[in-house]
Structure formats: C-alpha cells, structure tokens
Amino acid sequence: MNFHVLTLFPEMVLNGVNTSITGRAIRNNKISIEAVNIRDYSNNKHNKVDDYTYGGGAGMLMQAEPVYQAYKSVADKIPENHTKRVIYVTPQGEQFTQKKAAKLSKYDDLVFLCGHYEGIDERVLEEVVTDYISIGDYVLTGGELATMVMIDAVSRLVPGVLHNEVSAETESFHKNLLEYPQYSRPEVWHDKKVPDIILSGNEKEVEKWRLNQSIKRTKERRYDLYEKYKQYEMCLDKLKEDKLNHSDMISLIDTGRAEIVLKAEGEYLLKDIQTNIYFYCSLNDKYTILQLVFDCVSKTANLQEKTLNKIKNIRKELEKIVVHGSKAKKKLEEILSNSNIKNLTYTMEEFEQYVYTQNIRLSIKGMKHPRISGNVVENAQDQLAKIQLKKYGLDICSDIEIFDGENFAKMTITAIINSQKDEKLLPIIWNKSANNAIIKETIKNANGYKSKENIIVFSLSLA
Ligand SMILES: C[S@@+](CC[C@H](N)C(=O)[O-])C[C@H]1O[C@@H](n2cnc3c(N)ncnc32)[C@H](O)[C@@H]1O
C-alpha cells in the first residue's frame, strides 16, 4: 500500500506517520508514504499558493494550478495497473468509518489531498478527486490531521502491518459491536477485581462473557450501532434457516465483510465490501428485490426517493452477483437475463458436497456454488473451512494452508493427529479440485491415529 499526501506541511504528516506501528510498517516495506509539498508547484516567485475568493467572503482559497501540478507529479508515477483513489479530506465528505477503512485498504495507492485556509478551488477538485471523506462533524484548520487519522486506520488493516492479525477482527466495530472490557495485571487494583470468569481459564465461557459485554456496551453507548448489529443478527437467523445453501453469505456476515444493501420479507441482498460482489438470497422464492434492481423504473415508481436512489446506485455498481434460492429457476433466469447491466455475471448452479467416513461417502446436494470469482470462492471456502473446524472444536493451526488441496489435506490430517482429540468427529475440508487419491492415501497413512473411523472429511466441490 502506497500513501501519497499532497499538503502544505509535509513534515507534519511524515513525522506523525513515521512513528510507532506505522513507522515500523514503513521500515518493513509493508506501506510506503511520500508527502509532496504543494508549495513546490507554485508558479510565482513568492511561492504563494492561495488567493482571494471570487465573489467575496472571508479568508483565502488554495488555487487550482499548484494543487493540480502537485497531483500530476504523483499520479504520473503511479503504474497504470495499480488500483488507486484520490481522496480530498474535507468536512463536506462522507464520514470515515471502519468499513470505509477496510475498503480503502484494498487499493494499491491512496492519494490524500489536504486543504488549508478556506479550502481548495472547486475546479481542481472536480478534475482529480474520486472520494470526499470527513473525519467528523467539526472543522479543522487543515487536512493533515484528518489524513493521518485515515492513514493510521487503513494501514493497520494492510496484511503484515499488525503482527497479531486477529486483533483487527475482534476489535470495536467488527460486526457492529464495540469491544468488551479488558484487564491486565494485577488481579486486584484499587479494590477492583478482574471478573472471575476472565480468570477461570474456560475459553468458551470467556468468549460468551465477552460477547455479552460487547452487546451490553454497544447498546448503552452506541444505540445506532446496536440496531445495526441486531439487523445483521436477524439476517443471520434467516440465512441459517437454510444453512447449507447460505454458508457463503453467513461467513461474509461472520467475518464483518457484509453490507446489507436491501431486504424484503425472506429476501436479502448483501454486498461483500472487499470485492464489491453482491450476494442475493430468497427464502420464499419471491424475487422482489431482484425485480426492483433489474426491472424497469415503473415498478419502482411508488418507492421513496431514498430507496430509488439506492437502487439506481446498485444498478450502476453491480457487476457480479451470486444468487441463492433458485427453485423458480425459469423466472429467476428471466429476471437476470432481462437485466441490461453490461458484464453482469451471476451464478446459481448447484453442487454436491460429500462427506466421507472411513468406508462410506455420503453426498449432500443442494449447496450453491459461488463460482464467479476466484477471490470469492477462495474466501468463502476459507471462511467455511474455519467455521467447520471451529464447530468441531479444532483449533485453526496457522500452518494449515487451506487452498492448496494436497498440502491442505496433508497438513490438516497431521494437525488432527497432533491435536489428539480422540473422541471427536474430526472434519477435514478440502477443495475437491485436489486429487482425491492423494487425500485418501494420506488418511490411510495416518495409521498412528487411534480413532481413524471418526475422521469425517468434507469435500467442498469446485467446478
Ligand atoms: C478550515 S477547513 C476549510 C473548511 C471549508 N471552508 C468548509 O466549510 O468546508 C481547511 C481544510 O481542513 C480540512 N478539514 C477540516 N475539517 C475537516 C474534517 N472534519 N475532516 C476532514 N478534513 C477536514 C480540509 O482539507 C479543509 O480544506
């Protein structure tokens, strides 16, 4: 991830970002930062970059040309195949959130434009800016602090920046919950004792306590977030009515990657905020949402303006969609094929899931296979594998590689043997594109394992 900051105070940004965790990430080449002084692109001998505002009004305005030239100096260096955003930090932008940070962390290059004085000439903003983002409803003297806030929040989501990757997943805002209270040594401080349950060593109970505390705290301090959390829980409950079919959507929510875009009775349209791929399910085989999104405007005529705008935005953005709930397949295909969205890809194929025991191979049919994107498939598989492993009380060993079929099988089996949880049903999950013979052979060779008959292997088929 490369950050480029266009500013009148480069040393302020560099000093701020070059310390602590972000500083370490720069030294380890996980992120890079350059700060370009807009004043260097002034076209007058006094290095002036501001002037009076046409039409009167208090204060000075940053002029278009120096900002444009500073931008060009950066933009011309960014390779064409890099993904990038150009962000004007401004109190007039959309509010910066953890979700926005997660989205931004997926780009190769982020260019931040910091205003000063009364702001920047509108014309250059129109020409170069892709996103207007604010850090809150208050006015700062300049954009540098806002930029540093965003760089900090985005950096820690870049792989390798935080050493303990899990922490970003359990912190505040993950799944719309604030983090639970935490304690460190000593056990008693100012007569306050660390809650017994935390010291009990019972991991399950600790996890339950933490979740309850998170819910309680969110309800008390951020009712708006709590309401969102409830919405996602309701969605999860619905999806779990047909768990097998919706494992990909469930895992998107569980990992905090889902945005509920639209909902109707028995229907949900989610967006994977990392890939922008949409996921749709209909538990009652009505396709109200799809019709709204793909059909003509007349059907949406009596909708509120807010909803209409939302639908228009979805249409603009929607390129790929995974569709569940295809009992009325013909109708569904008709709706999707009527869509005049260019490049729309969708999938609703069924695929078989196999469960192997030592002697038998059971086939479970009906799971829909999100086939459209390597990215999604990998993530869905990854998350699903983790969920399954967790369900059976197995730790997710960091040395398990989930997607390289052969390696995964071998390493999982080894991990299972090492874990020696004899009485349990132990799942092995692998991508069916892996060579079945190799996997079977690995199981056969796992002779040291006492309860071999208890091994269950889930094979998630990939076309
Ligand atoms: C004094 S402010 C200008 C405010 C501008 N006249 C307005 O009313 O929108 C100077 C610069 O600080 C930055 N800034 C101020 N408040 C901000 C906020 N809440 N979030 C992000 N940037 C902010 C912007 O880059 C802005 O151009």
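Which strand is joined to β12 by four bridges, and in which sense do the two run, parallel or antiparallel? The partner is strand β13 (residues 320–324), and the two run parallel. The notes below take up this strand and other parts of the model.

1. Basis of the note. This is a predicted model, in which local features need pLDDT of at least 70, side-chain atom pairs count only at pLDDT 80 or more, and totals for chains, interfaces and linings use all residues. Residues are numbered from 1 along each chain as its sequence is written. Helices (H or I, at least four residues) and strands (E, at least two) are DSSP runs, numbered from the N terminus.

2. Strand β12 and its partners. Two strands are said to pair if DSSP finds at least two bridges between them. Strand β11 (residues 267–272) pairs with β12 in the antiparallel sense over five bridges, and Leu269 has Tyr280 of β12 as its bridge partner. These two strands form a hairpin with five residues between them, and Asn276 in the turn has a positive phi of about 65°. Towards β13, Cys281 stands opposite His324.

3. Burial of β12. A residue is called buried if 20 or more other C-beta atoms, placed from the backbone, lie within 10 Å of its own, exposed if 12 or fewer, and partly exposed in between. Strand β12 (residues 278–282) is mostly covered, since five of its five residues are buried. In a regular strand the side chains alternate between the two faces of the sheet. Here Tyr278, Tyr280 and Ser282 lie on one side, with Phe279 and Cys281 on the other, and both faces are covered.

4. The parallel sheet. Five strands form an open sheet with parallel pairing, in the order β2-β1-β6-β5-β7. Its edge strands, each pairing on one side only, are β2 (32–37) and β7 (131–134). Strand β1 (residues 2–7) pairs with β2 in the parallel sense over six bridges, and His4 stands opposite Glu34 in β2. Helix α6 (residues 144–155) packs on the sheet and touches β1, β5, β6 (109–114) and β7, where contact requires C-beta atoms, placed from the backbone, within 7 Å. The direction of α6 makes about 160° with that of β6, the axes being lines fitted to C-alpha atoms (for helices over the stretch in contact) and the angles running from 0 to 180 degrees between N-to-C directions.

5. The ligand shell. There are 19 residues around the ligand, and Pro91, Gly115, Leu140, Gly143 and Ala146 come nearest; a residue counts as near if its C-beta atom, placed from the backbone, lies within 6 Å. Strand β5 (residues 84–95) gives the largest share of the shell, four residues.

6. Helix α10. At 1.5 Å a residue, the 18 residues of α10 (residues 223–240) should span 26 Å, and the end C-alpha atoms are 25 Å apart, which agrees; the expected span is 1.5 Å times one less than the number of residues. The buried residues of α10 are Tyr226, Cys235 and Leu239.

7. Backbone points to check by eye. In the loop between α7 (165–170) and β8 (188–189) lies Pro181, which is partly exposed because 14 other C-beta atoms lie within 10 Å. The loop between α7 and β8 also holds Pro186, and the peptide bond from Arg185 to Pro186 is cis, with omega near 0°. Asn176 lies in the loop between α7 and β8; its phi is near 60°, a positive value in a residue other than glycine, and Asn176 is buried, with 22 other C-beta atoms within 10 Å.

Terms used. Contact = placed C-beta atoms within 7 Å.
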